[in-house]
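I opened the notebook to record a few local features of this model. The entries follow the order in which I looked them up.

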Amino acid sequence: MEGQRGSNSSLSSGNGTEVAADVSSCFYVPNPSGTDFDAESSSLPPLSPAPQVALSIPAELAAAIPLIDRFQVEAFLRLMQKQIQSAGKRGFFYSKKSSGSHVRERFTFEDMLCFQKDPIPTSLLKINSDLVSRATKLFHLILKYMGVDSSDRSTPPSLDERIELVGKLFKKTLKRVELRDELFAQISKQTRHNPDRQYLIKAWELMYLCASSMPPSKDIGGYLSEYIHNVAHDATIEPEAQVLAVNTLKALKRSIKAGPRHSTPGREEIEALLTGRKLTTIVFFLDETFEEISYDMATTVSDAVEELAGTIKLSAFSSFSLFECRKVVSSSKSSDPGNEEYIGLDDNKYIGDLLAEFKAIKDRNKGEILHCKLVFKKKLFRESDEAVTDLMFVQLSYVQLQHDYLLGNYPVGRDDAAQLCALQILVGIGFVNSPESCIDWTSLLERFLPRQIAITRAKREWELDILARYRSMENVTKDDARQQFLRILKALPYGNSVFFSVRKIDDPIGLLPGRIILGINKRGVHFFRPVPKEYLHSAELRDIMQFGSSNTAVFFKMRVAGVLHIFQFETKQGEEICVALQTHINDVMLRRYSKARSAANSLVNGDISCSSKTQNLEVYEKRVQDLSKAYEESEKNIDKLMDELRVKNQQEVTLREELEAIRNGLELERKKLLEVTLERDKLRSLCDEKGSTIQTLMSELRGMEARLAKSGNTKSSKETKSELNEMNNQILYKIQKELEVRNKELHVAVDTSKRLLSENKILEQSIFNTEKKKKEEVEIHQKRYEQEKKVLKLRVSELENKLEVLTQDLDSAESAIESKNSDMMLLQSSLKELEELREMKEDIDRKNEQTAAILKMQGAQLAELEILYKEEQVLRKRYYNTIEDMKGKIRVYCRIRPLNEKESSEWEKQMLATVDEFTVEHPWKDDKRKQHIYDRVFDMRATQDDIFEDTKYLVQSAVDGYNVCIFAYGQTGSGKTFTIYGHENNPGLTPRAIKELFNILKRDSNRFSFSLKVYMVELYQDTLVDLLLPKSARRLKLEIKKDSKRM
């Protein structure tokens, strides 16, 4: 049934017919036969009427329009039509248009990509015919994972069954991109128009699992991303399915960027992703500390670096990455710190793949222990690192440089070595007053002083020097010590380098050893001898003309002493070396470009400003001078007003001081008045007391007189009366005198009080008048100050406006002058560069002439040297063969085989030991050791290359006409066959000798003609048997013949 929706647009179907449709319109693919889909089978009844296949593209499948040719729509729907008729069903597709009781006559592309419970008859995509059966099996596994049963019985699989099914899907599709595309197309089919919620959730869950570990191809990936995006932002979708769609979209973006997994995800990874659980692993730092990180099936190295940086609070982590550290540890030796290889990891490599590789390496290497671990360190030291102040960044940089320094990669002098050792001790233990007595001082020196430097001086001298330097750092913190350590190493020509161990392949100057350590920093490439650690040579960035790498080598085309040479080195880290070198070159070029661009911008701006303002420059200068004078006059006026204001303020301060003094005096007078008043009150009270006493005495006197008058006129009474009168008179006189004194004092106090009161009134009146006068003066001064302030503000604002205009004009004039000066400086520098270029050209021309003369002379010398070389080659061959004759006809080599797996498992020990290159020894009687001497002894570490290296010159002797025989003898299992024949990946002496023979024949083929014959015989029961003779041929008796020399 044809659906009409929306506006139309022109699109083409698979057979070239152009039809009108829109994103959600129908595309019809007519049946090529015109009558029936089954052109091969005539047993089926004809379809009535012949149904047509329509390609209907709804909105969510809009991205599939360009990919219609990738889907085999017609064949798939034709086979599905047969399956429908044979099963007697209405249809298998659960599209929105499939409702109704009538049989569909037309099936669309949309129907093809809808959920169905039954198996598919063929693949959805056009793939290789050999893979079609695998594609149908994939759909069967998808149905089992979803728990779909064609009989409508829902049988959801258990967690273990789901994990097993996902593992099967990964094994079938991980390495085949065609099957991956088919798998994603089938899963997306099962997510569309799925009527059952449980089936829908399981389908999206499976989509999430697959998208987390492998991406589809580019075109299918575009369609899938848009489809998942539409589902993730569709509000009508089941919420749980929508969440899974969002997670799937994120996982798909990550896997498209990182690529497919290299190894099949393990059971625990699949289970962790299904259950939402995170797996954990350990990442080490160079100081042997570690942090735990979480990962899942889709976690890449860049994700792990970001998570680890967040854990340790490292904000600037762009120059850090994870490295694979491999360390070979023999069962009989302790680990050597220098026996470590750090391999940089790609940011898009999966953590699960890395851990799987570690496990595989461990399983493969049974004879020796191979430690593999993840290490977090810097990829590169860049110039921009100096601006980073993050403490964790500085600490990690210190740890890495310290690690390289202790390995001997930074050769330094004695003073620097002592200072660096003291700084490391301070960072390690802090500052201690007597470190040599409270800690193991000797072990710290051995730990922080490289062995090669330590042997250049007496141990006691090192201790005293380092101790003195350590004690001088009392006020230095640990962070400052780290910074000083970094600064010392950075100042070296090879400071802040990253190091790579390589093997020499081609050295034109012949000065480099076989093994070399390359150091790369912002200055160039530096060469070091590994044993003993020694700095050899540096090549600056400007001297490196070209560089490149392969999987196993790296080369540099660089200038040495003014002559270009090509150096080649064997390494598996060639890409990392080139990336490091290119990064530093880019930094230098970017810095130069920034300087040139800023100079060009200033030049352009200067030209524009000069062209517009040069004519008015004199007018501006005159105006600036006038305004400067006006500004100076206004500043003088302001200074005068400020001086007047200061005088007024001083007067006000003086008046305030006088007023304060008057107030203090008044307060003293008030205190005196209060004291006088108190004294007066006391005198009054005393007077009152005396008056009352006098009154009492007078009353007593009168009483006594009255008693005396009554007593009679006796003589005694008269005498007594007279005595009493005298006494009374005396007392009365004293009292009167005292009363007079007190009255005088009272009068004086009253006068004083009156006087003080009058003075107080006068003072209060004076204070009142002074305050009134002060207040009036303050008001007058305040008014004058406000008026003058307003006038000054107006003048200052006017002057500021003028000054701003003048400043702008002055700035513009100065910018014009600066631009002119910069132009002049640029012209001068250009002129200077031109002169230098002329001188350089003259030098180059002179050097070219000299070089031509040298080349001409070298050509003549080369021809002469070639003749001498040929003569020397003949002599060398003759001398070599003579030396071989002098050594003896028979040379005996001894090779020691390592313990095999069985011997190791039975804890057997190696009894033979090598004393030197020519001697072996083993235990003998009475615990003594017996020695045997050979022409050469090869220990357990000797490789097939080492064995052949000492015998390959015998092949040249054989070509020169000498009889050469190489054979091995020993007991069963001693390694004879391995030494002589080896295996395909590690050949022995015979394959290598034959290869060397043909190399010699090829090398000398332009000078000599060779004929080569070979025979292979077997000595069996004292009879020689020709192994190359055909079975049917008659066997002749073979004899060993000798020449005139009995050879």
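**Surroundings of D465**

I looked up the contacts of D465 (heavy atoms within 4.5 Å) and, leaving aside neighbours within four places in sequence, found A418 and R457. I work from a predicted model, in which local features need pLDDT of at least 70 and side-chain atom pairs count only at pLDDT 80 or more, while totals for chains, interfaces and linings use all residues. Residues are numbered from 1 along each chain as its sequence is written, and side-chain values use heavy atoms, with hydrogens and water left out.

I placed D465 in helix α17, residues 459-471. Helices (H or I, at least four residues) and strands (E, at least two) are DSSP runs numbered from the N terminus. D465 counts as buried because its relative accessibility is 16%; buried means under 20% relative accessible area, exposed over 50%, and partly exposed in between, with a 1.4 Å probe and protein chains only. I also noted a polar contact of 2.9 Å between the side chains of D465 and R469. Such a contact is a pair of N or O atoms within 3.5 Å; within protein, one must be able to donate a hydrogen and the other to accept it, and residues adjacent in sequence count only if both atoms are side-chain atoms.

**Helices α12 and α18**

I then turned to α12 (residues 391-406) and α18 (residues 478-490), which pack at about 50° with axes 10 Å apart. Axes are lines fitted to C-alpha atoms, for helices over the stretch in contact, and angles run from 0 to 180 degrees between N-to-C directions. The two helices, α12 and α18, are therefore oblique to each other; angles under 35 degrees count as roughly parallel, over 145 as roughly antiparallel, 65 to 115 as roughly perpendicular, and the rest as oblique. Among the residues making the contact are L391, Y398 and Y405 of α12 and R482, F485 and L489 of α18.

**The sheet and its hairpin**

I traced an open, antiparallel sheet of 7 strands in the order β14-β13-β12-β11-β17-β16-β15. Its edge strands, each pairing on one side only, are β14 (534-540) and β15 (544-549). Two strands pair if DSSP finds at least two bridges between them.

I found that β13 (residues 524-529) pairs with β14 in the antiparallel sense over 6 bridges. These strands, β13 and β14, form a hairpin with 4 residues between them. R529 has E534 of β14 as its bridge partner, and V525 stands opposite A539 in β14.
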